[in-house]
Every structure is written in C-alpha cells, then in structure tokens.
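Here is a short briefing on a ligand site and a strand pair. Please look over the model first.

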Amino acid sequence: MTLATLLDALADGPRTETALADRLDVDAETVRAWIGALREAGFEIDRDGGYRVADVPEYGLGVQYGLDASFRIEFHESIGSTNDRGRELAEAGERDVVVLADRQTGGRGREGRSWSSPPGGIYLSIVLRPDLPPARTGLLTLAAAVATAEAVRAVGVEPVIKWPNDVLLAGDGRKLSGILTESATAGGAVEWAVVGIGVNANVDPAALPDGSTSLLEHIGRVRRRDVVQPLLEAFDSRRADPERIRTDWRRHASTPGQRVRIETSGGAVVGRAIDIDDDGGLRVATDGGETVVAAGDCEHLRPA
Ligand code: BTN
C-alpha cells in the first residue's frame, strides 16, 4: 500500500474520507495522514464535498497522479544515481518501479563516464523484469529513446535519435538526453533490467558538457510532469512489442544511411549504417562486407 494507490483513487474524482478509507482498506486517521503527506509533497487538495486535487506538483509525486502506465514512482530530491537505486530494488525482487530524482550526485553515463545531473533535470530509472532473451535487452534502450523523443516532441522540441540511444536536437546535433540500460541474467534469461534516462530539462546549458543542450535553452522552463508522463506511457505501451519498437525507432532515427564510426570493445567499425537488426544491433556496410554492431559509441561522419 503506497501513496500511489491514494493518488489513483483521487485521480478518479472527489472522494469522501469514508469512501477513501473503504477503498484503501485503512481507517480515517490514516487517510488524513496520507493526505497530509501529499500536501507536504506539493499537492493542493481541497476538502469541499470530499477530497479533490486542485493542483499537482510539476515533478516528483506529481508524475504519479493520472499516470496511465503501470509504474509506481519512488521520488528523491537528491540521490547518488537513480540507476544504482534501481539496481537495489531489482535485486530485492521489485518490478515496474520508476526511481525519479531532481538531482544526482553521482549520475553515471555509458562507458564509465559521468552524467551531469544538476537540479531541474529529469533523472529516472525504470526497474523491469522483462520477458526477453538477453540478446534483446538492447531493444529496451531503443524503446526508451523512442519514448523520450516522443515526449520532448510533445512539448515542442524536434528530436532525432542517434543509434543506439542518444536523443539529439534535430538540425543541431547537440544532446538532449542519454540512456543507460543495465541488466542481470540468470539461467540464460534476463532476470532484471534497469533503464536509466536523463533528460536535460530545466537546466542551464552552461552547467552541461560541450555538445549538450537543454529544453530550457530552446523552449524555456517546462513542467517536467508534461515530459515524464508521456515518456513513461510511451515506454509502457511498447516495452513488450519488439516489432513496434523497431518500426517507431526507424521513424525517429537519423543514423541509417549515414557514414559512421563506432567504437566497440573489439575496435572501431567504419562504414555506412544500413538499419537495425531484430535485436536492435546496427547493420553496417564496411569495406570488408556487412557487419552487425551490438553496442558501442557511434559517431556520424561526413560523407566520404
Ligand atoms: C549516456 O548517454 O552516457 C547515458 C546517460 C544516462 C544518464 C541517466 S540519468 C538517470 C540514470 N541514472 C544514472 O546514473 N544514469 C542514468
């Protein structure tokens, strides 16, 4: 039983204390305590003719209110890394939890890099127990990139996806968002996956590394709930549908057709990107023939 259940009940319309107590199977005193906790979290809740939500915080637990996806939000003002917390929850057997934070003190990027995480950004990690073979976990990353691209487009920013997981500002090439998926396997199957997404939202670009930009720079301050809810809903509706993930990724991606250089653990692959394969790997035409790259840092090169 969590505040999420109370928020679900309130989202359906005004509710008397008795009706809430019945629905949540608690006493009236507990209902009042939880309503107090929601007010503490920034909700404005009226009490005429039943409890009614009058205003919702732009982030934090505000993301839970009216969320049309089967995720529970765990919010932290400040945390080391949402992916580290996601891993803890995953190892404890949890699923479908989203760890959300206003800032990270130890945000992690791919290849052991750090991820700049000042207050005002969006930092979240989705804890999953997916029904996927290990070779297909890359599709979760692609699904997250599609969901992020659609969510930033919904607030008025035109994105493109660079394989596998960078969401860039279209026509500009600077980075708006990055994704770090981590997973564990057991008995040849994926036991859990944590999909970490960082979006440079209400962040001064001067606080970000070169080559990055933020929503603030392009459209001003956003209500982060307006980005995170569509993102989670878009991810939720695709996560179990590989065909749809691939189709939608192709619609947003700028990598196919480009000359690319991909740094992989086995060395650099240079050639023309063709398309993704069934597992989300990138098919590349090189001088030595076609090869598939499962993971790596991808750079778009000027045409030869
Ligand atoms: C990258 O492009 O290098 C990936 C960046 C991923 C950053 C996100 S922010 C939320 C989650 N928690 C982390 O520590 N990292 C991911």
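A backbone N or O atom of Arg-110 lies 2.8 Å from an oxygen atom of the ligand. That is a polar contact, a pair of N or O atoms within 3.5 Å. Alone, the ligand exposes 410 Å², and the protein buries 99% of that (Shrake-Rupley accessible area, 1.4 Å probe).

The model is predicted: local features need pLDDT of at least 70, side-chain atom pairs count only at pLDDT 80 or more, and totals for chains, interfaces and linings use all residues. Residues are numbered from 1 along each chain as its sequence is written, and side-chain values use heavy atoms, leaving out hydrogens and water.

**Ligand contacts**
- The side chain of Ser-81 places an N or O atom 2.8 Å from an oxygen atom of the ligand.
- Gln-104 has a polar side-chain atom 2.9 Å from a ligand nitrogen atom.

**Shell around the ligand**
- The ligand is surrounded by 19 residues (a heavy atom within 4 Å).
- Ser-81, Gln-104, Arg-108, Arg-110 and Lys-175 are the closest.
- Five shell residues are nonpolar, ten polar and four charged (Asp, Glu, Lys and Arg count as charged; Gly is among the polar).
- α4 (82-91), β5 (122-128), β8 (175-186) and β9 (189-199) each supply at least two shell residues (DSSP runs: helices H or I, at least four residues; strands E, at least two).
- β8 gives the largest share, four residues.

**Strand pair**
- β12 (residues 282-286) and β13 (residues 289-293) run antiparallel, joined by five bridges (pairing needs at least two DSSP bridges).
- A hairpin of two residues connects β12 to β13.
- Val-284 has Thr-291 in β13 as its bridge partner.

Methods:
A polar contact is a pair of N or O atoms within 3.5 Å; within protein, one must be able to donate a hydrogen and the other to accept it, and residues adjacent in sequence count only if both atoms are side-chain atoms.
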